Amino acid sequence: MNWTEISINVKREDSETASAIANMVVPYGIYVEDYSDLETAALEIAHIDLIDEDLLKKDRSGVIIHIYIPAEENAEESISYLRERFSAVGIAAEVASVGVDDADWSENWKKHFKAFSIGNRLAVCPSWEKYDADNRVVLKIDPGAAFGTGSHATTSMCLELLDKYVAGGETILDIGCGSGILAISGVLLGAESAVGVDIDAQSVKVSKENAEINDISAKTEFICGDLTEKISGKFDIVCANIVADIIIKLTPDVEQFLKDDGIFMCSGIIDIRAAEVKNALLSNGYEIVEESVKDNWYAYAVRKVK
């Protein structure tokens, strides 16, 4: 089998969190280069104190995390996912891959990203392709370097939940909007308006461009910055397709943005963290309306207990 190798350079103090995020992409294993305790490890493991000169020159302040994606899978989706998740938790990371040139990013997307149907009403289509709508609402999207094409399990579950709970006239808040796919899909499915917020300026730029592609700029707003500092008002639906740690941290604050009887949809939760997120939701006064599972990922739709 052929593989695409993705390497992630982070500071040593961020290695544990960064490794946990990397495991979300490939839960079957990662390889970490860490030379910070080279001399001690050489003595304990190999029982020698003679170390190759090239090893001694290795950077001791950082680590390199290696993950491997099967060649037939969309490595670019994983790369954008990693970059967005690292940004969300404030980790400075350099993400690179063997065989994927950032200069050819758009061509790589075109190779892997094809139109597909999701839920009962929605079709997701690359902006460069034509699609036979077949009575479905067609979302045109060009993800660029922002996470969110709908093909990743976390995003597809959110789209399915939006398809189910958007009946018409709702207001939507998308926390960590990425490519804008959730906010834009919500409007296309009948929501009155949607606001997306992301701490990554590139994601906000891509979201605005995708809203223009779908001719709904007037019904959407995308804001760069922290949620609690930039957003006000209450919404019928709040979406957060992020990571478990951020969802747990956000849970106490979401209520201030949610209308009475509103729905909070959260995803980006790997199976080993699902119980922890569920407990956080329940302990903050939410009831589980729906639980979705796909490819070791979980998504929840919850409502505040009256």
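Q: Over how many bridges do strand E1 and strand E3 pair?
A: This is a predicted model: local features need pLDDT of at least 70, side-chain atom pairs count only at pLDDT 80 or more, and totals for chains, interfaces and linings use all residues. Residues are numbered from 1 along each chain as its sequence is written, and side-chain values use heavy atoms, leaving out hydrogens and water. Strands (E, at least two residues) and helices (H or I, at least four) are DSSP runs numbered from the N terminus, and two strands pair if DSSP finds at least two bridges between them. For E1 (residues 3-11) and E3 (residues 62-70), which pair in the antiparallel sense, the number of bridges is nine.

Q: Which strands are the edge strands of the open sheet?
A: The open sheet has four strands in the order E2-E3-E1-E4, with antiparallel pairing. An edge strand pairs on one side only, and here these are strand E2 (31-34) and strand E4 (94-97).

Q: At about what angle does helix H1 run to E3?
A: Angles run from 0 to 180 degrees between N-to-C directions, with axes fitted to C-alpha atoms, for helices over the stretch in contact; contact means heavy atoms within 4.5 Å. Neighbouring strands of the sheet are turned by 20 degrees against each other on average, direction ignored. Helix H1 (residues 15-25) packs on the sheet and touches E1, E2 and E3; with the direction of E3 it makes about 5 degrees.

Q: How many residues apart in sequence are the parts tied together by Phe-264 and Tyr-286?
A: Rings of Phe, Tyr and Trp (its six-membered ring) pair if their centres lie within 6.5 Å; planes under 30 degrees apart are stacked, over 60 edge-to-face, and the rest tilted. A search of the whole structure finds three aromatic pairs, among them the tilted pair of Phe-264 and Tyr-286, 6.2 Å centre to centre with 50 degrees between the planes. Because Phe-264 lies in strand E12 (residues 258-270) and Tyr-286 in strand E13 (residues 286-294), the parts tied together are 22 residues apart.

Q: What is the relative accessible area of Tyr-286?
A: Buried means under 20% relative accessible area, exposed over 50%, and partly exposed in between (1.4 Å probe, protein chains only). Phe-264 is buried at 0%. Tyr-286 is also buried, at 2%.

Q: With which side chain does the side chain of Lys-294 make a polar contact?
A: A polar contact is a pair of N or O atoms within 3.5 Å; within protein, one must be able to donate a hydrogen and the other to accept it, and residues adjacent in sequence count only if both atoms are side-chain atoms. Lys-294 is in strand E13 and is partly exposed, at 25%. At 3.0 Å, the partner of its side chain is Ser-156.
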